[in-house]
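Thanks for making time this morning; I would like to walk through one model with you, going from a helix pair to a single side chain and then to the sheet. Please keep the structure open while I talk.

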Amino acid sequence: MSRGAERQRSKVVEEMKMEDELAGVPTVEEIERHPMDELLRTERLPHIWCPGCGLGTALSCFVSALTRSGLDLDKVAIVSGIGCTGRVAGYLRLDGFHTTHGRAIPFATGLKLANPELKVVVFSGDGDLVAIGGNHLIHAARRNMDLTVICVNNFNYGMTGGQMGPTTPTEARTSTSPRGNLEHPFSVPNLVSAAGATYVARWTTLHARRLEKSIHKALLKPGFSVVEAIAPCPTLFVRFNRRRLEGGDILKYYQEHSVIRHDAKPWEVDIGFGGEIVCGEFVDIERPTFQDRMREVYGELRPCDDLGLLHRPSAEATTSFEVEIELGEEKPAAVPVKVKPLVVGTAGQAEVRLGGFGGQGIILSGKIVGKAAALHDGREVTLTQSYGPESRGGACSTALIISDGAITYPHVTRPAVMTLMSQEAYITYHGQLVEGGLLLIDADLVEPDPSADQRIVPIPATRIAEQELGRRIVANIVMLGALTALSDVVSEEAMRQAVLDSVPKGTEELNKQAFGRGYEYAMGLLGEEADA
Ligand code: SF4
């Protein structure tokens, strides 16, 4: 294209853009950007919730209400506890904290006391808020702590397998009440209004617009405001109770069973199984908040000096949440030239720890070692596990004691053998290794402390799994092969058998190869010692 033609083309494009702008035509970037993107950590999506789960609707209602509220987003904090609903704090681009089980309200209380300028919202599930966190819920309501609570009630513990919870209706089936719940449930509106909440509403996720309006009102209401969102858990609660819940068409069930009754007394809104779901705004009263009382006694409240105002993470913020890892260039051989196998013997007992992050199969590895030692080597074994709330990406570890005698206490404190497959696990656990113990690390994922005087053997388990076997998922089995070659805590034959017994059907051959490759690699290191 000649220069003149190019100039002419640019001019036309500019004119078209100007015309579009004047006519209010959105740009491509604007079309691609969802209005909720501003408040969602899109780098953490897709979310983990099941198809048909009501949590997405509850979250959308919250995002819409918050956007409309006009609150300064730099002064809004979101706190959640454990469970499927607990993920909300991680998905919102707000200052947030995903606390331990049942402790969302105490954490939120502390946050509000330390920085009274914040609007603090607790977004959690019925199990977290009403069972293990039940006492915190009623006492925060009694104090009229200036918090907003969104309680997503799906009548069971979803994340852990659909167990019965404190809001499970009588007769409803769950994984722990297969013949139906014998207990009388808590009614959230009745509980919190009796304890002193200033605003209480309930909607199902079918009533999305009304739910959004109530959340909006709760956000702007001083004092302890609570919105209960009845939401479907199609994977568990609805599945277990399909016959009583419109054959599983739960939104139809909500439509046919819910009634709106704003003037209902909170003690009249219990949810009977198969009965009415009374929805509406049940409480909207004024009474002094805890913060009002504090002001009367201490004067104007200010944020703690060392806390200041927090700032929302920027849209560009990166996250360690991602499990995806780049292996990068292969490191030059940091592998020790000589490796002696660790001989623990069978006289005493040996402690073993395996660590990494969720998704690496660390817990499965622990079970394989345990099975090998207990079922195939005929020894005594205990196994404990530790992992974070995240199903993927969080720190996790499994620890075993293997002994020829009775094991009186299962807690592992001084492992003789460890395999650590993430930097976080290395930082957390490497100091526990007994003197003379053996520490295997993933050569590409762990940067050991050069000043630590320990026997460290880097094994490129992830690299072997990915580049030689084509499946990163078997890196844990490669590592088990190396562990077996370099220590005598379990026999090779027992481990080979336990691997085959434990892996999913159809993957036996791949896992067999992975184990063999790890074993062979580590034996090669022993060979180097002999040659040196
Ligand atoms: S288990 Fe239930 S509550 Fe949890 S994400 Fe799945 S459908 Fe939702």
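At what angle do helix H13 and helix H16 pack, and how far apart are their axes? Before I answer, a word on the source: this is a predicted model, in which local features need pLDDT of at least 70 and side-chain atom pairs count only at pLDDT 80 or more, while totals for chains, interfaces and linings use all residues. Residues are numbered from 1 along each chain as its sequence is written, and side-chain values use heavy atoms, with hydrogens and water left out.

Now the answer: H13 (residues 362-376) and H16 (residues 475-486) pack at about 35°, with their axes 10 Å apart, where axes are lines fitted to C-alpha atoms, for helices over the stretch in contact, and angles run from 0 to 180 degrees between N-to-C directions. From H13, Leu364, Ser365, Ile368 and Val369 meet Asn476, Ile477, Leu480 and Leu483 of H16, contact meaning heavy atoms within 4.5 Å.

Let me turn to one side chain. Ser502 lies in helix H17 (residues 492-502) and is buried, at a relative accessible area of 18%, the cut-off for buried being under 20% with a 1.4 Å probe and protein chains only. Leaving aside neighbours within four places in sequence, Ser502 is in contact with Leu364, Ile368 and Lys371. With Lys371, the side chain of Ser502 makes a polar contact of 3.3 Å, that is, a pair of N or O atoms within 3.5 Å, where within protein one must be able to donate a hydrogen and the other to accept it, and residues adjacent in sequence count only if both atoms are side-chain atoms. The side chain of Ser502 also reaches the backbone oxygen of Ala498, at 2.6 Å.

Finally, the sheet. Eight strands form an open sheet of mixed pairing, in the order E2-E1-E3-E4-E8-E7-E10-E9, and two strands are taken to pair if DSSP finds at least two bridges between them. Strands E2 (95-98) and E9 (258-260) stand at the edges with a single partner strand each, so one side of each is left without a neighbour in the sheet. From one strand to the next, the twist averages 20°. Within the sheet, E4 (residues 147-153) and E8 (residues 225-230) pair in the parallel sense over six bridges, and Thr148 stands opposite Ser225 in E8.

Conventions:
Helices (H or I, at least four residues) and strands (E, at least two) are DSSP runs, numbered from the N terminus. Buried means under 20% relative accessible area, exposed over 50%, partly exposed in between (1.4 Å probe, protein chains only).
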